[in-house]
Amino acid sequence: MQVAATLVLALAVLRKPDDCLTAPISPQNGRMTTTLVTGANKGLGKETARLLVEAGHTVYVGARDEARGRAAADELGARFVRLDVTDDSSVASAMATIRADGGLDVLVNNAGIAKRAGAARGEALDGPSALEVFDTNAVGIIRVTEAALPLLRTSENPIVVNVSSALGSFWATHEPSRPASRFPAIVYGSSKAAVSMLTVQYAKAVPEVKFNAVEPGITATELGGGGVESHPGRPAAISAQVVARLACIGPDGPTGTFQEDDGELGW
Ligand SMILES: NC(=O)c1ccc[n+]([C@@H]2O[C@H](COP(=O)([O-])OP(=O)(O)OC[C@H]3O[C@@H](n4cnc5c(N)ncnc54)[C@H](OP(=O)(O)O)[C@@H]3O)[C@@H](O)[C@H]2O)c1
């Protein structure tokens, strides 16, 4: 079991050496970016931030909790900005800070939640829980994107990456070979379907900015509460690679697509 896991890890690390995460960057070739990752104090957001910092980019760790956000930013060599995606004034003040510091090229809408019903394993299906999930996962993207667009529009290669999920894919939830077809996620899956449609609609409405959705793969994080060990999946450091790669696509990169490790995923 451990050997197989190590093999999967090694193969994932060895893949795609020619991507924008490993290509040399410099101000001269115009490939250095300033990126904001929301919900980057832990999990996929933090690992995405780590990969981008390691590739030489300037990264803002967006986090709603100042102490945990600053700790993550310090560990990664990133900048910290306080940002709660459900709070308009917090979003406005985060963007004001980033604008004053010099602007933004890339936004990774990563912050997201899933709510479990009390101590039970099932999903919380009451109204307030559903509103909180939609507010964070879907409305949060509208809030942050709208506030970021004036900054992104001044970038030479503006990019938005929306962290969605196969659980929000109509294709994957109907495809028997995909885990998403067997895992019930009524509220969370619907909120991620909204994330995917937001990506399509924004890509059409704002063609000067590249918008792509990403399915990071099933990942062991604290999503839904509980410790990392209570969530199945591969390490966040592996899943973050596809997110970070979409965050550093070049001017000829795709827009309006839904991507996973091996390419495009059906909506
Ligand atoms: N794990 C998976 O298998 C998987 C699969 C597909 C997609 N995803 C998506 O990947 C993204 C990251 O999730 P994860 O798995 O890394 O889970 P995670 O470890 O729980 O991280 C979620 C992050 O979002 C932040 N967040 C939650 N509500 C926020 C708010 N109102 N404002 C700002 N930040 C907020 C959390 O901050 P706090 O620490 O303050 O709560 C945390 O930093 C989510 O969009 C999730 O839906 C995950």
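How many residues surround the ligand, and which are the closest? There are 27 residues around the ligand, and the closest are Gly39, Gly43, Ala111, Gly112 and Thr221. Keep in mind that this is a predicted model.

Sorted by class, that shell holds 13 polar, nine nonpolar and five charged residues. Helix α2 (residues 43-54) supplies the largest share of the shell, with three residues.

**The chain as a whole**

Stepping back, the protein chain has 267 residues, of which 43% count as buried. Its secondary structure comes to seven helices and eight strands. Look at contacts between residues at least 6 apart in sequence, and 66% of them join residues at least 24 apart.

As for confidence, the mean pLDDT is 91, and 89% of the residues reach 70 or more. Where pLDDT is low, the predicted coordinates should not be read in detail.

Now for helix α7 (residues 236-247). Among the buried ones are Ile238, Val242, Val243 and Leu246, along with Gln241 and Arg245.

Helix α3 (residues 66-76) has Gly69, Ala72, Ala73 and Leu76 buried. Viewed down the axis of α3, the buried residues fall within an arc of 100°, so they line one face of the helix. Ala67 and Asp74, on the other side of α3, are exposed. What covers the buried residues includes β2 (58-63), β3 (79-82) and α2; α2 is also the helix with the largest share of the ligand shell. After α3 comes Gly77, with a positive phi near 75°.

**Two residues up close**

Val163 sits in strand β5 (residues 159-163), while Phe134 belongs to helix α5 (residues 127-152). Buried or partly exposed: which label goes with Phe134? Phe134 is partly exposed, because 16 other C-beta atoms lie within 10 Å, and a residue needs 20 or more to count as buried. Val163 has 28 C-beta neighbours inside 10 Å, so this one counts as buried.

| C-alpha pair | Separation along the chain | C-alpha distance |
|---|---|---|
| Phe134 and Ser191 | 57 residues | 5.4 Å |
| Val163 and Glu215 | 52 residues | 6.4 Å |

Which residues do they touch, leaving out those up to four places away in sequence? Phe134 touches Val139 and Ser191. Val163 touches Leu44, Asn109, Asn110, Gly112, Val214, Pro216 and Val243. Some of those names have come up already: Gly112 is one of the closest residues to the ligand, and Val243 is one of the buried residues of α7.

Terms used
Residues are numbered from 1 along each chain as its sequence is written. This is a predicted model: local features need pLDDT of at least 70, side-chain atom pairs count only at pLDDT 80 or more; totals for chains, interfaces and linings use all residues. A residue is near a molecule or strand if its C-beta atom, placed from the backbone, lies within 6 Å of it. Helices (H or I, at least four residues) and strands (E, at least two) are DSSP runs, numbered from the N terminus. Ala, Val, Leu, Ile, Met, Phe, Trp, Tyr, Cys and Pro count as nonpolar, Asp, Glu, Lys and Arg as charged, and the others, Gly among them, as polar. A residue is buried if 20 or more other C-beta atoms lie within 10 Å of its own, exposed if 12 or fewer, and partly exposed in between; C-beta atoms are placed from the backbone. The arc is that of the directions from the helix axis to the C-beta atoms. Two residues are in contact if their C-beta atoms, placed from the backbone, lie within 7 Å. pLDDT is the predictor's confidence in each residue, from 0 to 100.
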